[in-house]
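Colleague: I have the sequence and the structure open. Can we go through a few local features together?

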Amino acid sequence: MLDKIKSISDSVKKIISEADGSGVLNDMRVKYLGKNGEITALLKNLKNCSPEEKPFIGKHINILREQVEKLLAEREKTLAEIELNKKIESEKIDVTLSLNYPKKGGLHPLTLARNELVDAFVGMGFEVKEGPEIELDFYNFQQLNIPKDHPSRDAQDTFYINDNILLRTQTSAVQARTMESEKPPIRIVCPGKVYRLDDDATHSPMFQQIEGLVVDKNINLCDLKGTLDEFARKFFGEDTKTRFRPSYFPFTEPSVELDVSCFMCHGKGCRLCKGTGWIEVLGAGVVNPVVLKNCGIDPEIYSGFAFGIGIERCAMLKYGIPDMRILFENDIRFLSQYK
Amino acid sequence: MKVPYSWLKEFVDIDITPAELGDKLVSVGFEIEEVIEMRDSIKNVVAGKILSVEKHPDSDHLLVCSVDVGTGKVQIVTGAQNVKTGDVVPVALDGAVLPDGKKINSGALRGVKSEGMMCSGGELALTESDYPGAGVYGILILDAKTQPGTDINEVIGNTETVLDVAITANRPDCNSILGIAREVAAVTGKKLRMPNLSYTVSDYKTKDFISVENRNFELCPRYMAGAVTEVTECESPKIIRDRLKAVGIRPINNLVDVTNYVLTEIGQPMHAFDLKNLAGGKIVVRNAAEGEKITALDGKEYSLKVSQLAICDAEKPVAIAGVMGGMYASIGNDTETVILESARFARDSIRHTSRELNLRSDSSARYEKGIDFYSQELGLKRALSLFSEYGWGKIAEGFIDANMGCTSEKTLVYDYKAVNSIIGIDVEKERIIRILNNLELSTTAEGDVLTTFVPDYREDIEGVNDIAEEVVRFYGYDELAPRLISTKRGGKSPEQLRFDKLKNMLVGYGAYETVSYSFISPKAFDMLLMKENDPLRKAVEISNPLGADFSIMRTTLSYSMLKIINTNYKRGNKEGRFFEIANVYLPESLPLEKLPEEKQHIVIAFYGENEGFYKLKGVLEDISETFALNFEFKREEISYLHPGRTASVYSDGKKIGYVGEVHPLVQDTFEIDKRIYLAELDADYIFEKGIDIKPYKAFSKYQAVERDLALLAPIDEEAAKILGVISSAAGNILEKMEIFDVYVGGQVPKGKKSVAVKLLFRLHDGTLTDSEINARIEKILEALKSENVFLR
């Protein structure tokens, strides 16, 4: 019996370690440990042994059985690993390959700029108002202290439908409409399309502006400066400096232009700011009392400020777009750069 | 406005550089567009002393000179014969640039090296009166004392610096050297010096030569005239010619130059008539007779309208008021007596006339900006003083002044605190008074109340806001203390938020937003195959468009979108998804009497190999679900869409747009070889009716039962119909249904199609039994029979 045990013990290790599939391993299990298996047979034969030999041989048969079970389990695990590795290996893909899976589109850079500009003012408590693009001369000009034949009409060549109806040249027209229909306090921004007879690398016959208007008691130039400083820091960066330069608009008095420190060179002077260190971004001023009066607001009680920002200019500055016409070509290779 | 530095210095002492002055002007509201150095017109030309002159070995006409140019000796070959050893001449060295833009390089003449060129007076744009000898034929011989190597600009005095200053529309008075000088004086704290206005008069009296009859004070509030007898026509002195050149005006002769000089210096346009050609010795300011003709100084004949103002003699127009003089009474070399006009014309009138005649001049440009009452007399006196100073004629005594006695001088009385309440900081009363006085806005105080006298040339100052601007301009905007306004509830309206939401949704579908012009070509409607009576053809027309292709305000976005796809396709972008939300403009009637309705539309387009009708329709269905709008799709035709592949979109019974494949003919018109799927919807409807938060719906925790039905339906039976029948027959236990396959051909009888429907049944309060479901399926199949739909 001991010889038999030894011979099984000697051969089983090799046989199991060479088993190359879970099927073979099952056969092994049957062969050794099954009802009619070799080790089971040994145990059955144990009764033929002498009582002195029995415990000793029995112990060896048990050791053999445990050995076989252990070998089977180990081999099983090894085979599973080999199997998994094979599967993994066979499933290798080229991870550098790009296939054409759906991608999100994008908002137009003008919308991105407009959203950012509007959000900056919404955060300061401004309401968003809109108005018609085909507008009455009355709202676009006359109510804003620009009577017919005012020389400043020359500066913004207007598309006319007829003598009284035109394509608005400035979102300021919404100012006049709002002041007519609402009582102070007023705090609005009006984004929208405006039109001027102009077409070159820095002018488009259609472009977008954001007009801002605040009317309340005791509003002055310092309020305007405070509001625009906040805006400039939010839109152009925390370290942005601002300066007011005197200017002229018929509907504000005093009128100013706002320059921001150049965000490319931080004021040292570069190509973007034409060496001045400053970039002109918007026009603003204290609402001309004549305009308040025209729109039915008592200038003795109320005052206000207004500003107008060109969205194209802001977008071009912020995204480094060199030619305004690119904005309106809508080439997907351009649009897909701004996701 | 071009401002030569030396001219400015005549009226105000300036002890800072042009760049520093530029900064100061910017700080008070005058943008510097450019700083022009006149010396940039002549580069690398120096004085050179000729050391030797030899004959060219190979030519009889050429001389070879050795020239000391300060930095060393150069050899120059010249064809000029007027040079000799010891002469000092202008030498254009290698790389030099001459006033006409010509570049000079080293080279060889007949095999002999020449390291530049000696210049004549003409080549340096000089005349005899600019520099003695400049008029002779040959090389300009300079003053022998000139140091070799000296920049020629120094030698000939071409060293002017010109500031190009932008003038805002409220400051017409600053379109003059004097006006700018007044601002410079205020900003630098110096005193303004007025130009010389003195002259000696002869025994003649102006009124003995000429009378003026002003028949239209509205268009010509003031007409002044003076007379100069025994005039001599000659070249103006160098200083006048240099200054005119520096501001971009070509010097002609003293009589013309003097008017341009005064226009630039004082800002008053002047005109000179030859007295002998003024019939009746009379000037009549009147409206032209309709069709009245005049040949202007540009040599063209103009036919005038009754609305246009003419300056006439006793018989005929002799000038188009403020725009251009006439040929007939113009001055010439036989002129003996000059009548000088110095008038104020209404700017609108000049503007209209100039536009209507398509005729512009320095004078009309100046009048259009507005002339004040102050300048007529000043301009006239200044012109006469120049005649007197240079001895160009004898000044007759007195002026004609045909005016309506008006002035725009005013006195403002206000509390100085009102100024500060506009500015927002406390500027001391004394400081305010000082700033205003520096600006020659003479101001006095009585307690807190200030009284400011506003002279004629400051018509822009009307009230305390204008005073506040003057104060803060000079006090400094940098002194403002930024203040934040109190908080207030702001934000976007629900409609505006839905606008953002819809855009973001489409971006999620891979679409790019476009922005296109609101004006389109009137050809658009034909290109979209619209019928003659299509209501969308009723479009607002721009009276002065950029061009015919941009002349009408769009009534549909589809045309613009197809143009965008055309551009992209032509540029090799073979597929893409786009959308745009923009206004369409729908007039109630034409011609426009009231503002048209402006409605926001959304257009969505997919094009390319992998796109299909159902992909785009699926997006619309998702929009419907997102905004809870219950879109229904009904087969309908749209002229520019494929008749078999177009559906109108309804919501609550209202038609809000359509979706379809672009008509093959339209696809051809726009030269796009790929199929295009297009939808255009009323976006305002979505924004107004859209629901943001839908009521909570409980969902069942019980098991669902799925059943598939393979149906045989008539080939034209619409999916919507089949699903409608199923839905009403199945009742509320049907949670979901979808058609997952439609098949025609093969095993399916002719005229029929196979439709596979997946149904999902579920109860809220229990589990469905098989028999319950079977009963319901029976009911569904029974109902479908009415539509000729049967189980396969």
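Colleague: Which residues in α5(A) meet which residues in α11(A)?

Modeller: This is a predicted model: local features need pLDDT of at least 70, side-chain atom pairs count only at pLDDT 80 or more, while totals for chains, interfaces and linings use all residues. Residues are numbered from 1 along each chain as its sequence is written, chains are lettered from A and ligands numbered from 1 in the order written, and side-chain values use heavy atoms, without hydrogens and water. Contact means heavy atoms within 4.5 Å. On that basis P109(A), L110(A), L112(A), A113(A), R114(A), E116(A) and L117(A) meet I311(A), E312(A), C314(A), A315(A), K318(A) and Y319(A).

Colleague: How are α5(A) and α11(A) oriented to each other?

Modeller: Their axes are 9 Å apart, at an angle of about 100°. Angles of 65 to 115 degrees count as roughly perpendicular. The two helices are therefore roughly perpendicular.

Colleague: Is S408(B) buried or exposed?

Modeller: S408(B) sits in the loop between β24 and β25 of chain B. Buried means under 20% relative accessible area, exposed over 50%. At 16%, S408(B) is buried.

Colleague: With which side chain does the side chain of S408(B) make a polar contact?

Modeller: Beyond four places in sequence, S408(B) is in contact with F373(B), V454(B), D456(B) and E459(B). A polar contact is a pair of N or O atoms within 3.5 Å; within protein, one must be able to donate a hydrogen and the other to accept it, and residues adjacent in sequence count only if both atoms are side-chain atoms. At 3.2 Å, the partner is E459(B).

Methods:
Axes are lines fitted to C-alpha atoms, for helices over the stretch in contact, and angles run from 0 to 180 degrees between N-to-C directions. Helices (H or I, at least four residues) and strands (E, at least two) are DSSP runs, numbered from the N terminus. Angles under 35 degrees count as roughly parallel, over 145 as roughly antiparallel, 65 to 115 as roughly perpendicular and the rest as oblique. Buried means under 20% relative accessible area, exposed over 50%, partly exposed in between (1.4 Å probe, protein chains only).
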